[in-house]
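The sequence and the structure come first.

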Amino acid sequence: MKLLYLLPLLFPVFLSAQFVAPAASPAAETKVEVGYTNLSISYHRPNVRGRVIFGELLPWSKIWRAGANENTILTVDGPVTIGETEIPEGSYSLFLIPEKEGNWTWVINSDTENWGARDYDHRRDLVRVPAKPRKLTERIETLEYRWLNVDPQSVDLTLEWEWQRLSLPISLPTEDQVADRAARYLNPAQDPNEYYAIARYYLDNGMSLTKAKAWMDRWAAKKKEQFGRTRYQAIIEYKLGNEEKGKRLMQRSLELAREAGNEHYVRMNEQSLKDWTRELTEISADSLLARSLQYHDPDRQWGRRTHMLQLAESRPDNSVRHTRLTLYPHTADFDMQQIRGRDKIQMRYLDGTYSFSLNGNMEVSEEKRKKLRMTEERTKWMRDYYTYLFGLPMKLQDAGTFLQPNVHKVWFDGKEMLELEVHYAPETGKDIWFFYFDPKTYALSGYAFYHEKDGPGTGEYILLEGETIIDRMKLPAERHWYYTKNKLYLGTDEILN
């Protein structure tokens, strides 16, 4: 009998334990440090499980907890900006309103104690931010948040689930925080290498080069030459327009790297010196263009006839827009048929008359036309855009195009090229363009431009790849677009003819 009383004492764990099934939507948390700020997102991860999520399980235009179970929680340990609203340090609930068409809406709310959206109160919203959903090429079974595009000044909180991707951009006051800490701790610095660290911060993040130079000069006044740091001193000077000083410093960095036996810096410095070399050639701008025209359009077909092009325009979000163009270089006419998602759009400007259709229907609501930018002004802009880009280098013969007289031998995309600078009449355009030609064949191999008001180092550059024959013309088959400042990939346009 006493044994029965002793059993609960001997085996308490087994008698009191309960079975708990694995969570259907397990908890997760992901963190990131951006500048001086720590951010985290705590949420639960439901699965698709063969269901249609958006539009069925989650109705359109209804508030959703952006996860499962209790609130999805965004926590920041310093001030951030979402949309145009400053959000102080703290924890906030995150909601999302999916829409069948157009932008979805992120909602940041101050109530963090709810189960999902059951007791959601819009009066406690701090900010609502529109966001464009992106269609994924493969289904994501389990809901996931990720921190993407991490930069000292910003980061994207990105949600992926089912076929959708949606990002919430968050900005941080890192630049002001850096300036404040520099004022407190670097006047003077305990270690001169701290001057170098802040100089690199300004340089690497595309911020004030003047401040970068000021800090780098303070480092150089205190420390001996060092091949790595002298390299970045050279880059700052060169980017500020002090090109000869930049080249001298880069040459000195190269010498120091060779003395130290650092082949990595030897290669980088040699390449930089090549990239910074602009050697004047004897060929004139007119002669270079004539030779390129002879290569691309020997029979002068561009301005004599109508040209049809089939394009695939891909973007970093994996979307592909299919476009059929009819270009009329000898007139002001234009015809474009384009597939955008489920819509087939046609916009025409023929014989001075603008017309349009959507999915074969010419009766299109004003709201839909505005959303898809189906306007006469937009059609003319598209005509000029496509005719110019796909008519190069032939379009460099147009009135209002001013070829700068000197042609330089330069390095572009890792290859030696002939560079032609082109300006335009004010009524034609205010961008400064640079065209790069193969020095042997004179084929157009790339181009770059920047807006006059923004200056060098901004704008975009385009790399050309392959060739295709269109109406006896050799046209670049692919155009790959990038931002000049950070080399961010923007997309590829491919001729499919």
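Predicted model: local features only at pLDDT ≥ 70, side-chain atom pairs only at ≥ 80, totals over all residues.

The buried residues of helix 7 are Gly246, Leu249, Met250, Ser253, Leu254, Leu256 and Ala257. Viewed down the helix axis, these buried residues fall within an arc of 170°, so they line one face of helix 7.

**Helix 7**

- An α-helix has 3.6 residues a turn, so residues three or four places apart point the same way.
- The face turned away from the buried side of helix 7 carries Glu244, Arg248 and Glu259, which are exposed.
- Helix 6 (227–239) and helix 8 (263–275) are among the elements that cover the buried residues of helix 7.
- Helix 7 runs over residues 243–260, and at 1.5 Å a residue its 18 residues should span 26 Å. Its end C-alpha atoms are 25 Å apart, which agrees with that expectation.

**Helices 5 and 6**

- Two packed helices are described by the angle between their axes and the distance between the axes.
- For helix 5 (residues 209–222) and helix 6, the axes come within 10 Å and cross at roughly 145°.
- The crossing of helix 5 past helix 6 is left-handed. On the helix 5 side, the contact is made by Leu209, Ala212, Lys213, Met216, Asp217, Trp219 and Ala220. Helix 6 contributes Arg229, Thr230, Tyr232, Gln233, Ile236, Glu237 and Lys239 to this contact.

**Strand 12 and its partners**

- Strand 12 (residues 307–314) pairs with strand 13 (residues 320–327) in the antiparallel sense, over 8 bridges. Within this pair, Leu309 stands opposite Leu325 of strand 13.
- Strands 12 and 13 form a hairpin with 5 residues between them, and Asn318 in the turn has a positive phi of about 75°.
- Strand 12 also pairs with strand 23 (residues 489–495), in the antiparallel sense and over 4 bridges. Here Leu311 stands opposite Ile495 in strand 23.

**Strands 15 and 16**

- Strand 15 (residues 343–350) and strand 16 (residues 353–358) are paired in the antiparallel sense over 6 bridges.
- Ile345 has Leu358, in strand 16, as its bridge partner.
- The hairpin of strand 15 and strand 16 has 2 residues between the strands, and Asp351 in this hairpin takes a positive phi near 50°.

Conventions. Residues numbered from 1 in each chain as written. Heavy atoms only, no water. Pairing = 2+ DSSP bridges. Expected span 1.5 Å × (residues − 1). Buried < 20%, exposed > 50% of the residue type's maximum accessible area, 1.4 Å probe, protein only. Arc of directions from axis to C-beta. Contact = heavy atoms within 4.5 Å. Axes fitted to C-alpha atoms, helices over the stretch in contact; angles between N-to-C directions. Left-handed = near helix turned anticlockwise from the far one by under 90°.
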